[in-house]
Amino acid sequence: MISCQTFRATVRPGTDDSNVLEHLRSCDACLDHAVSIDPDFFFRSIGGSEMVPPGGVDNFVSDVMAQVRMRQTEGSSMRRLPLNQYLRAAAALLFVIAGTTGVYRFSSVAPAIAPITTAAVQIHKPLTTKAVVETYQSQNATIVEMPTASAADAKVVMIYDDSLPADL
Amino acid sequence: MATALRLMIPTNESVELDDRQLVENVRSGKPEAFEQLVRRKTSKVYALCYRIIGNSEDAKDISQLVFIKLWENIEKYDPKYAFDTWLYRMVTNVGIDFIRSRQSRDNAVNSTLRLVKTSADAEQGLIVQRKEIEHVFQTCSTVLSPKQKTIFVMREMDDLASSEIARVLGCRESTVRNHLFNARKLLQEELKKRFPEYSKLWKENA
């Protein structure tokens, strides 16, 4: 960067000299002097400096790249479908529309159908007793004994084990 | 011997690809080249967006939008022209659209709010505070049209020549000069109303 002395000697109104502008934008001592020569330097003193977006450049770039990747994926999945698949899908859609229209026409001319009465059917499933596990050995079981209020209460023991059948 | 050895070591200049080469790499399916391009241009794009828009969060969003548009339209770039000109065109288009939509929204909400300094403030001694200039500009530049503001920022803060700005905006150089002249005049008038202490600078020099 040029010295203050050089700046003051070379600064001219409306200059485009990059060295002069660089000095103008970084030296507070010369700002007043420059503005007294050309008031347009007042706003020209803004700028030149590197500006970092909030959150930093790295975060900014990664945000942009994430959006780009997302759009890239969307784009490639759209492109992956070949033309004949589009045609098949269109044909299927056309078929469904035509079929629906036919059914609608038929139902509009067909005589009214008597409502079908339905009766609730109860399915009796015989109750079966599950086999009682009398002996049980496992390395992975977790046994939890539930606390009881008195000795007369039934003792409840819970066993957690992935190897046991789910419906036990 | 030392000189010979030094010549064999690749310098940053030789390793670093220029913008056109990076674009070419992006086109040939190398996303890392695009990442490099974004990293290289972030500060420039963000600074321009910030000065046109005047709000850091909006400027960040708009800058990201510019890069997404850049990605989507990278095939349209003609390497005959400078990459920065093409990028600046994208920034100005998106930025101007944003200001226009914001202005219409703000106008609907509040069209009369104006902050004007009292004459008592103006009597105080004048010391140009660098930190305040940015604020003064953002306050006064609300009277400029989006195009005037964009041209003013590109000319006065980014030091682009009028011919370059004309290429970016796709208009005549005389139009750029005209906008610039009007922008300066409007800013002076607004400065006089809102920051009379600074407007004295123009009076003293007139």
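Let me start with confidence, since this is a predicted model. Chain A has a mean pLDDT of 77, and 69% of its residues reach 70 or more. Among the elements of this chain, helix α1, residues 4–10, has the highest mean, 91, while helix α6, residues 83–109, has the lowest, 73.

Now to helix α3 of chain A, residues 28–37. Which residues of this helix are buried? They are Cys30(A), Leu31(A), Ala34(A) and Val35(A). These residues lie on the same side of α3(A), because the arc they cover around the axis is only 140°.

Take Cys49(B) for a moment. If we leave aside neighbours within four places in sequence, Cys49(B) is in contact with Ala59(B), Ile62(B), Ser63(B), Val91(B) and Gly95(B).

Last, the contact between the chains. How many residues does each chain bring? Chain A brings 27 and chain B brings 32. On the chain A side, the elements giving two or more residues are α3, α4 (41–44) and α5 (57–80). The largest share of that side, eight residues, is from α5(A). By type, the chain A side divides into 17 nonpolar residues, seven charged and three polar.

Conventions
Residues numbered from 1 in each chain as written. Chains lettered and ligands numbered in written order. Predicted model: local features only at pLDDT ≥ 70, side-chain atom pairs only at ≥ 80, totals over all residues. pLDDT = per-residue confidence, 0-100. Helix = DSSP H or I, 4+ residues; strand = E, 2+ residues; numbered from the N terminus. Buried ≥ 20, exposed ≤ 12 C-beta atoms within 10 Å, placed from the backbone. Arc of directions from axis to C-beta. Contact = placed C-beta atoms within 7 Å. Nonpolar A, V, L, I, M, F, W, Y, C, P; charged D, E, K, R; others polar.
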